[in-house]
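Here is a short report on a structure.

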There are 2 protein chains.
Amino acid sequence: MKLKDIGEFGFIDRISRGCLIRPAGIVKAIGDDAAAFRSDPALLNLVTTDLLIERVHFIRNAADGYSLGYKALAVNLSDIAAMGGTARNAFVSIAVPQDVTLEFLDDFYCGIKSLAAEHEVNILGGDTTGSSVDLVINVVVTGTVAESEVLFRDKARVGDVIFSSGCLGDSSAGLHLELNRIAADTPYLKTLLEAHLRPKPFLREGRLLAAHGGVHAAIDVSDGLSSDLGHIVRLSRVGARLFIDRLPLSPALQQFCRRFGFDPVEYALAGGEDYALLFTVTPSEADAIARDYFTTFGQSIHRLGEITDSGKIELIDGRGRSRVIVSTGWDHFKKES
Amino acid sequence: MKLKDIGEFGFIDRISRGCLIRPAGIVKAIGDDAAAFRSDPALLNLVTTDLLIERVHFIRNAADGYSLGYKALAVNLSDIAAMGGTARNAFVSIAVPQDVTLEFLDDFYCGIKSLAAEHEVNILGGDTTGSSVDLVINVVVTGTVAESEVLFRDKARVGDVIFSSGCLGDSSAGLHLELNRIAADTPYLKTLLEAHLRPKPFLREGRLLAAHGGVHAAIDVSDGLSSDLGHIVRLSRVGARLFIDRLPLSPALQQFCRRFGFDPVEYALAGGEDYALLFTVTPSEADAIARDYFTTFGQSIHRLGEITDSGKIELIDGRGRSRVIVSTGWDHFKKES
């Protein structure tokens with residue numbers, strides 16, 4: 001069976017199944033001009049959206065449909081996590097060229113619905129249309145958060161401890177494997193490819209951080225540590241100091257770099273799409289947050305450095321020498337083609 | 001100056017100006033991981049989204065940037081109108097190929113901001129990225145409506161009067177001019193091209209209808225009368241009877257059809273993108289609604305026919321003869337390329 005056999009409305013019927021995961025408060029889901037739902041009046045509404053274009057953000061034949069759907073939702077959930085919020089509803093739009101199979105699309109929605117169910121997120125609508133060449137995906141996620149707990153990028157203060165909730169550089173190493181068609185034939189290479197294809201959204205972790213108190217600023221690492229810390233530093237009008245021997249380098253990334261002759265520090269600083277939370281904490285709460293986080297999730301957070309008043313990001317090596325790093329993250333318009 | 005000279009973040013700074021039109025209740029606009037705002041707790045939240053792809057929904061060189069931005073927002077506002085809602089916040093995402101000029105993009109955002117200001121809609125976020133070939137636009141609009149007033153597609157009842165808030169077929173005639181590069185060299189051709197490039201969103205009109213009471217079902221005409229009435233009929237499990245001599249054919253469409261030898265009835269039935277509101281009203285309120293609408297807006301609504309229990313859409317000609325019409329509106333996946 002092909003997409004053109006079932007048509008747009010048959011396709012919408014097909015993807016609508018299993019979308020209403022949390023029906024309370026939902027008055028109209030997929031199938032009208034707009035979705036209609038109640039919000040908790042005591043909470044702020046959050047909205048985030050990401051546009052994913054074939055050959056810019058993903059390679060259709062390199063990624064299975066399931067992973068593509070999973071990641072398209074994950075990157076938006078990650079934005080809600082970085083605000084300290086709870087994700088509530090998703091809207092999935094897709095523009096489909098004629099050579100995309102119905103099986104690929106079924107896998108795509110399966111990946112989305114699986115991650116949505118894990119985080120109790122409804123899929124309440126979207127748009128379905130054709131495309132001449134490239135597969136195009138847009139996902140919108142709404143969320144909520146108490147106004148007293150919301151985490152912004154621009155609230156870092158001098159003296160704050162800088163933490164990351166996960167390792168950095170793994171996704172970028174996975175992308176290297178994908179682009180160069182290097183088979184993930186060992187467990188550590190599989191780990192890196194997995195980090196790239198199915199990044200973990202730190203939603204529950206973001207909620208703990210927001211509810212704990214003492215977290216001043218947060219962002220998710222999408223463009224790369226230097227670039228995303230750059231956003232915090234610029235918007236908060238502060239500086240930062242990172243310690244090279246505290247960068248969270250996974251054993252998989254270290255093995256990868258040894259094998260292919262790369263510098264893991266460069267991967268950690270410039271590699272994007274890890275979707276770890278990067279956050280700054282008032283020093284008096286830093287130990288308590290690290291302890292509560294470990295107790296709750298069985299994982300450590302990584303203490304990378306501290307917020308300064310220097311107006312720049314400095315990297316301190318093992319001998320105490322400092323160099324200023326510039327944001328090397330992704331700029332979609334400045335890149336050379 | 002070119003887009004690559006100012007970069008993605010320079011571009012975001014540039015487009016962020018003039019986006020916060022209605023600041024009350026907005027806690028975080030453009031510039032963080034997600035937008036954060038308060039909703040009125042007494043109201044339902046509405047969310048709609050449209051994905052627009054070059055060469056599928058628009059021809060980049062045929063449409064000026066201003067009209068493209070205007071229409072991208074208008075089609076989403078129209079969805080909120082068809083729910084009886086008030087539009088509140090917009091999120092604009094754009095994927096830009098390298099050959100798009102900064103001037104075109106400035107015009108695009110000017111068109112969006114101009115229409116947003118007219119309807120007191122904030123632009124609170126979005127996504128900016130590159131694209132390999134096609135310009136891609138995604139717009140999301142949130143709105144609110146009282147739960148007692150929200151208008152759905154599936155609530156039409158047998159005996160309801162069917163109304164349209166505007167003429168039908170004009171936009172499709174304008175598209176014909178655009179596709180065939182026919183110069184709009186007379187006022188009536190200009191009217192048709194304008195209807196296609198800058199459709200009016202019936203937001204204030206939708207609010208009046210929702211607040212009045214007696215309106216059972218509503219949809220906006222995006223795919224064409226037969227297709228969109230088909231959605232109401234199918235979802236409400238009813239039928240409909242349309243009278244051929246009551247179809248709202250503009251003088252401009254009639255002149256166009258005489259000149260080029262087309263049937264205006266076919267344009268009214270199958271032509272999409274008019275974005276008039278199509279709604280069904282309990283018979284006892286039909287005259288009162290038509291009168292209030294005229295008093296408020298100085299425009300008439302058009303009485304097209306009535307809801308039946310036949311399960312199909314019948315078209316009645318001037319001699320009382322009936323023929324069944326099938327939905328001939330747009331299906332993005334079934335179309336032949």
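Helices (H or I, at least four residues) and strands (E, at least two) are DSSP runs, numbered from the N terminus.

## Model and numbering

This is a predicted model, in which local features need pLDDT of at least 70 and side-chain atom pairs count only at pLDDT 80 or more, while totals for chains, interfaces and linings use all residues. Residues are numbered from 1 along each chain as its sequence is written, and chains are lettered from A and ligands numbered from 1 in the order in which they are written.

## Two loop residues with positive phi

B:Arg181 sits in the loop between helix H4 (170-179) and helix H5 (187-197) of chain B. Its phi is positive, about 50°, although B:Arg181 is not a glycine. A residue is buried if 20 or more other C-beta atoms lie within 10 Å of its own, exposed if 12 or fewer, and partly exposed in between; C-beta atoms are placed from the backbone. B:Arg181 has 7 other C-beta atoms within 10 Å, so it is exposed.

B:Tyr275 lies in the loop between helix H9 (264-270) and strand E10 (277-281) of chain B. Its phi is also positive, near 60°, in a residue other than glycine. B:Tyr275 has 24 other C-beta atoms within 10 Å and is therefore buried.

## Two domains in chain A

Chain A is divided into domain 1 (3-146) and domain 2 (161-325). The bounds come from an automatic or database domain assignment. The C-alpha centres of domain 1 and domain 2 of chain A are 27 Å apart. Two residues are in contact if their C-beta atoms, placed from the backbone, lie within 7 Å. By that rule, 19 residues of domain 1 of chain A are in contact with 18 residues of domain 2 of chain A. On the domain 1 side, H2 and strand E4 (86-96) of chain A are the elements that give two or more residues. H2(A) supplies the largest share, ten residues. That side of domain 1 divides into twelve nonpolar, five polar and two charged residues. Here Ala, Val, Leu, Ile, Met, Phe, Trp, Tyr, Cys and Pro count as nonpolar, Asp, Glu, Lys and Arg as charged, and the others, Gly among them, as polar.

A:Ala146 belongs to strand E6 (residues 136-146) of chain A. It is partly exposed, with 15 other C-beta atoms within 10 Å. A:Ala146 and A:Tyr70 are 76 residues apart in sequence and 27 Å apart in space, C-alpha to C-alpha.

Helix H7 (residues 225-236) of chain A has twelve residues. From first C-alpha to last it reaches 16 Å, close to the 16 Å expected at 1.5 Å a residue. The expected span is 1.5 Å times one less than the number of residues. Ten of the twelve residues of H7(A) are buried, so the helix is largely enclosed by the rest of the structure. Among them are A:Leu225, A:Asp228, A:His231 and A:Ser236. The buried residues of H7(A) pack against several elements of chain A, including strand E8 (215-220), strand E9 (239-243) and helix H9 (264-270). Just after H7(A), A:Arg237 takes a positive phi of about 55°.

In helix H5 (residues 187-197) of chain A, the buried residues are A:Thr191, A:Leu192, A:Leu193, A:Ala195, A:His196 and A:Leu197. Their cover includes helix H2 (65-81), helix H4 (170-179) and helix H8 (251-260) of chain A.

## A hairpin in chain A

Two strands pair if DSSP finds at least two bridges between them. E12(A) and E13(A) pair in the antiparallel sense over four bridges. A:Ile313 has A:Ile325 in E13(A) as its bridge partner. The two strands, E12(A) and E13(A), form a hairpin with five residues between them. In the turn, A:Gly320 has a positive phi of about 85°.

## How the chains meet

The contact takes 64 residues from chain B and 64 residues from chain A. On the chain B side, strand E3 (residues 43-53) of chain B gives the largest share, nine residues. That side has 28 nonpolar, 19 polar and 17 charged residues. Strand E2 (residues 35-37) of chain A pairs with E3(B) in the antiparallel sense over three bridges. A:Ala35 stands opposite B:Val47 in E3(B).

A rotation of 180° with 0.0 Å of shift along its axis superposes chain B on chain A (RMSD 0.0 Å). The two copies are thus related as by a two-fold rotation axis. The superposition is by least squares on the C-alpha atoms of residues with pLDDT of at least 70 in both. Of the residues of chain B, B:Pro41 comes closest to the axis, at 2.2 Å (C-alpha). The copies meet through the same surface, because 100% of the interface residues of chain B are also interface residues in chain A.
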